[in-house]
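Please open the model in your viewer and keep the sequence at hand.

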Amino acid sequence: MSGLLKGLQDVRKFLKLLGTHKMGLVGVVIFVILGIIVIFAPYLRTVNPLRTGLYENILVPPNAQFWFGTDHLARDIWSQTLYGARIAFLVGFTSAGVTVVIGTLVGLVAGYFGGKLDEVIMRITDFFMMLPYLPLMIVFAAILGPSIRNIILVISIVYWPYTARVIRSQVLSLKERAFVESSRSVGASDRLLIFGEIMPNVVPLMFAEVVLMVTWAIYAEAVLAFLGLGDPTTISWGIMLNYAFNMGLMTYAPWWVIPPIACLCFTILAFTFVGTAVSDIMKPGYREARGL
Amino acid sequence: MALKGFAGFAIRKISAALLTIFVIICVNFFIFRVIPGDPVRLMFGDPRVSPQKIQEMYVRFGLTGTLWDQFVAYLNRLFLYGDLGYSFARKAPVLEVIASKVPQTLMLVITALIIAVALGTLLGAIAGWKTGTKFDSIIITISLTFYSIPTFVMGIIMLLIFGLYLGIFPIGGMVTIGAGLTGFAYVRDVLWHMFLPCGAIVVWYIGEYVIVTRNSMQDVLDQDYITSARAKGIKESAILRRHALRNAILPVVTITGVNVAFAVAGVIEAETVFGWPGIGRLVFSSVMARDYPVLQGLFLVFAVAIVTANLVVDLIYGYIDPRIKVGGGQ
């Protein structure tokens with residue numbers, strides 16, 4: 001377990017370094033704002049985002065009562081936008097968690113054991129990466145039925161090979177290093193070598209993968225929802241856009257469209273910026289250049 | 001000897017691609033069999049269909065017998081008759097439905113690709129050439145932004161800006177309905193409609209080409225032959241054209257193939273937003289209609305397109321790059 005602790009320390013060092021990167025800082029600031037919205041959405045909202053309103057309140061432009069206006073069922077756009085952040089974070093982090101855990105385990109096993117096993121696993125990942133991921137997600141989501149759980153499942157099925165490949169190539173170089181060799185020479189088991197020696201060293205890489213996968217997962221949820229495969233019992237940014245689009249009201253009611261669009265852009269850009277910063281920081285020489 | 005090396009390389013690549021396509025075909029079969037529920041029921045989705053009709057459909061779609069019998073029947077229909085199934089929503093064979101939409105998509109994608117490759121490599125090369133300058137940092141930030149924003153989001157933004165506020169481009173469809181245009185006027189009308197969907201795809205593509213070309217350019221500029229060209233006193237513009245650009249282009253060829261998968265997603269999104277009548281829009285309308293046979297067929301078409309594109313790029317690359325030719329012979 002001391003290995004895991006060391007890994008967590010690495011993550012903390014990492015976050016500190018992130019503060020020195022301009023793009024990363026912007027990303028982190030947006031991320032914190034979104035995090036506050038996610039946590040405090042019930043207090044920031046004006047009404048229940050799913051509660052339909054009175055007939056005369058259908059599609060009203062922004063005013064004092066409805067800050068961002070209303071949709072075709074007279075529901076409050078401001079409250080919907082806030083709750084959309086919750087769905088984005090829920091789907092984003094859960095899918096990223098599942099994807100990175102699966103991908104890391106597969107990558108560790110393939111990289112560590114090598115040989116035939118590695119070859120078979122890599123063929124499988126190659127095959128998955130060759131599939132048209134959006135049509136694949138659409139087919140799965142359409143068959144499994146629209147729900148948050150299924151969307152998370154679909155995203156994980158499609159994205160794990162990307163993480164597996166990244167982790168594997170890191171493991172390949174790690175397992176040749178002296179500290180692994182010395183553990184092996186005193187008789188450490190495969191399990192101890194994988195989880196005690198190698199895994200702590202891929203924790204920063206896993207962190208980078210989580211950031212990337214959150215971005216991809218938020219995108220995937222949004223596009224699936226926009227195409228009509230979102231969970232109809234919830235409100236997400238993609239679902240808001242899907243309703244506006246299906247009603248043919250995109251240009252009639254821009255107040256309905258602009259909030260989810262802006263939120264999606266900010267969220268995805270925030271994670272992209274953090275991701276860029278993370279990969280910059282991990283390049284050798286970044287710390288040295290800044291005297292850290 | 002070199003040709004023999006390349007031939008060996010080509011044969012290996014082609015057989016790997018064929019194997020991948022075969023596995024995809026199998027996956028396509030099993031995806032729709034392992035799911036809970038009944039494929040015929042799924043296809044109909046209407047509980048009022050009579051049991052006789054259902055039984056008829058079981059026979060018609062080879063859903064009788066063991067899973068293995070079904071699989072053999074499926075392969076038979078696919079390979080002998082090119083039968084991808086029947087769309088109940090559209091009352092037509094799936095192959096026909098898809099084939100009728102392919103030309104519109106190809107027109108859109110090829111136009112977008114040409115524009116994006118030309119502009120993207122140019123901007124990326126200049127950015128790489130001038131690494132660290134203001135121009136470079138502006139270009140790279142914009143590219144990264146465009147590259148990360150989903151195509152459908154970008155499409156909706158363009159729809160609002162151009163369609164609503166500026167009102168200069170039509171926001172949907174491929175032709176002005178009821179205008180009855182012919183000849184040159186028709187072509188102009190189509191191009192006019194193509195502007196926004198094409199633009200949404202181009203914006204994403206360009207970002208990608210800029211980033212890749214820039215990185216490749218930076219790598220090339222570090223090479224010894226550039227230094228020696230400079231030492232010889234060759235003019236900077238000549239070094240850029242004759243030495244740097246040529247070598248920096250190679251990775252651009254690779255990404256075109258590798259990222260067809262991403263392009264497929266972009267096309268689905270752009271066509272949906274702008275109502276462009278291609279196979280991307282067909283994905284959306286099939287989802288809406290829960291038209292599983294068409295979705296299944298589209299999945300296969302996209303997968304084969306991706307594998308083929310990758311194969312073509314691999315072969316071109318193998319032909320250009322002498323190291324692969326030699327390696328392939330061993």
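This is a predicted model: local features need pLDDT of at least 70, side-chain atom pairs count only at pLDDT 80 or more; totals for chains, interfaces and linings use all residues.

Residues are numbered from 1 along each chain as its sequence is written, while chains are lettered from A and ligands numbered from 1 in the order in which they are written.

**Chain B.** Select chain B, which has 16 helices and two strands; these are DSSP runs numbered from the N terminus, helices being H or I of at least four residues and strands E of at least two. Of its 330 residues, 35% count as buried, that is, with 20 or more other C-beta atoms, placed from the backbone, within 10 Å of their own.

**The contact between the chains.** Next, select the residues where the chains touch: 37 from chain B and 31 from chain A. Two residues are in contact if their C-beta atoms, placed from the backbone, lie within 7 Å. On the side of chain B, the elements giving two or more residues include α1 (2-34), α13 and α15 (292-320). By class, that side has 29 nonpolar, six polar and two charged residues. Here Ala, Val, Leu, Ile, Met, Phe, Trp, Tyr, Cys and Pro count as nonpolar, Asp, Glu, Lys and Arg as charged, and the others, Gly among them, as polar.

**Helix α14(B).** Now select α14(B), residues 279-288. Eight of its 10 residues are buried, among them Arg281(B) and Phe284(B). The buried residues pack against α5 and α8 of chain A, and also against α5 (94-99), α6 (102-129), α13 and α15 of chain B. Arg290(B), which follows the helix, has a positive phi, near 50°.

**The core.** Finally, select Met137(A), Ile138(A), Val264(B) and Leu298(B), the residues with the most contacts inside the largest nonpolar core, of 151 residues. Such a core is a set of buried Ala, Val, Leu, Ile, Met, Phe, Trp, Tyr and Cys residues joined through C-beta atoms within 7 Å. Helix α8 (residues 190-229) of chain A gives the most to it, with 24 residues.

Key: A residue is buried if 20 or more other C-beta atoms lie within 10 Å of its own, exposed if 12 or fewer, and partly exposed in between; C-beta atoms are placed from the backbone.
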